[in-house]
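I opened my notebook to record what I looked up in this structure. My entries are below.

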Amino acid sequence: MRFKHIDFLRAVSIIGVIAIHVLYYNLTSKVNIITEMWDYLHFVVTGFVLCSGYVLLRKTDTLETFKGTLGWYKKRLMRLIIPYYVYLIAHIALISLFPNFFSGLGVKANSNYFFQALLFSNSVSIGWLPLLFIQLTILFPFLIFLLRKNLLYIYLIFSLVITFLVTIKPFPLHYFWYMFIPWSLITLLAIYLYNVEKSKLNFSRHLLFLAIAGGVAFAALSFLWISLHKPMYLIDNKYPPNFYYLSYGISVTAIILYIGKFSIFLRKGIISFYTYISKNSYSLYFIHYIVLDFVVSSRKFIGQHGAIIDLTSVVLLSLFISYLINLASKTTKVSIANNS
């Protein structure tokens, strides 16, 4: 079973991630439309976390026993860790073999960096998103346990208090260690929205309420941030996320979910397109890093062509490589099946 509006949100989010990273390498010292687009696209991780929580809620029956939970952990964690490790090996190998075309964009071709990245060290930023999903995966069965015992409000209060403290001032501890707590508020929101939809309530009305409430909170916090002379860029409020960042992310995410219900996005061809992107979003996250490295590193040979051409190139090349990988995977499975 697939949720079309969730697939729509996840597809928009991964394209947004790619756009953020491409635009970063097209930023200038002057504030312009590229800078504004780059900043306001930072709702994307909120979208990813909500999609993840929403989809995980489909199979909570496997979490009813200790054995089932262990099996769930194994399957889920392997799906998160293995693509990340494959990406690391592939990217570092390309940097080593073709240094003129792959500079790394922060990834380094040495054993120290490699082993730190494997262990999700906080000195290696590339691993922060996979680590976040691993942390939320570990937390998820506990949240389901509290939900079944009608005690989820205890964790909600705890996470709100921590996020409030983070909003005032981040802890004197690297955000890698506690970033999952503010982000888990989005997982709790996913649980709420899933139950709203499952209960046949007016889902669109709830989305509109979230969009408006999040927007009002973001506007109010924007005025507060200005008066307190706090940084206004969303990325400066993202590690870890505070209420300023989360209110914006929730508002935009709710709007995209609402738009995803429009009839124009429920046509067969359009559904197939964004469902493919959604199903491959995690692999596209890693693939686009390598493609972006190639595009940026190639500037010394072909020059810089601007954000639009770079973005189009990275998106299309990433989708094409994803298609080839899927095709090769299917061919291999068919070959194994025929020989068995």
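**Helix α8 and its end**

I began just after α8, where lysine 200 takes a positive phi of about 65 degrees. I kept in mind that this is a predicted model.

Next I checked the length of helix α8, residues 180–198. At 1.5 Å a residue, its 19 residues should span 27 Å. I found its end C-alpha atoms 26 Å apart, which agrees.

Is α8 mostly covered or mostly open? I noted that 15 of its 19 residues are buried, so I wrote "mostly covered", with buried meaning under 20% relative accessible area.

**Salt bridges**

How many salt bridges does the structure hold? I listed three.

I looked at glutamate 197 and lysine 261 and found their side chains meeting in a salt bridge, at 3.2 Å from N to O. Glutamate 197 lies in helix α8, while lysine 261 sits in the loop between α10 (243–259) and α11 (268–279). The pair therefore ties together parts that are 64 residues apart in sequence. I marked lysine 261 as partly exposed, because its relative accessibility is 32%.

I then turned to aspartate 310 and arginine 299, whose salt bridge has its closest N and O atoms 2.7 Å apart. This pair links distant parts of the chain: aspartate 310 is in helix α14 and arginine 299 in helix α13 (residues 299–302), 11 residues apart. I noted both aspartate 310 and arginine 299 as buried.

I also recorded the salt bridge of aspartate 7 with arginine 10, with 3.7 Å between the closest N and O atoms. Why are these two separated by about one helical turn? Aspartate 7 and arginine 10 are three residues apart in helix α1 (residues 4–24), so about one turn separates them. I found both aspartate 7 and arginine 10 buried.

**Serine 52**

I located serine 52 in helix α3, residues 44–56.

I left aside its neighbours within four places in sequence and found serine 52 in contact with Arg76 and Phe133. With arginine 76, I noted a polar contact of 3.0 Å between the side chains.

**A nonpolar patch**

Last, I looked at the surface. Leu97, Phe98, Phe101, Phe294, Phe301, Ile302 and Leu317 form a nonpolar patch there. Together they have about 690 Å² of accessible area.

I picked out leucine 317 from this patch. Leucine 317 is found in helix α14, residues 307–339. I wrote down leucine 317 as partly exposed, because its relative accessible area is 35%.

How values were computed: Residues are numbered from 1 along each chain as its sequence is written. This is a predicted model: local features need pLDDT of at least 70, side-chain atom pairs count only at pLDDT 80 or more; totals for chains, interfaces and linings use all residues. Side-chain values use heavy atoms; hydrogens and water are left out. Patches are made of residues with over 30% relative accessible area and no salt bridge: like charges are joined within 9 Å, nonpolar side chains (Val, Leu, Ile, Met, Phe, Trp, Tyr) within 5 Å. Accessible areas come from the Shrake-Rupley method with a 1.4 Å probe; for residues, only the protein chains shown count as cover. A salt bridge is a side-chain nitrogen of Lys or Arg within 4 Å of a carboxyl oxygen of Asp or Glu. Helices (H or I, at least four residues) and strands (E, at least two) are DSSP runs, numbered from the N terminus. Buried means under 20% relative accessible area, exposed over 50%, partly exposed in between (1.4 Å probe, protein chains only). The expected span of a helix is 1.5 Å times one less than its number of residues. A polar contact is a pair of N or O atoms within 3.5 Å; within protein, one must be able to donate a hydrogen and the other to accept it, and residues adjacent in sequence count only if both atoms are side-chain atoms. Contact means heavy atoms within 4.5 Å.
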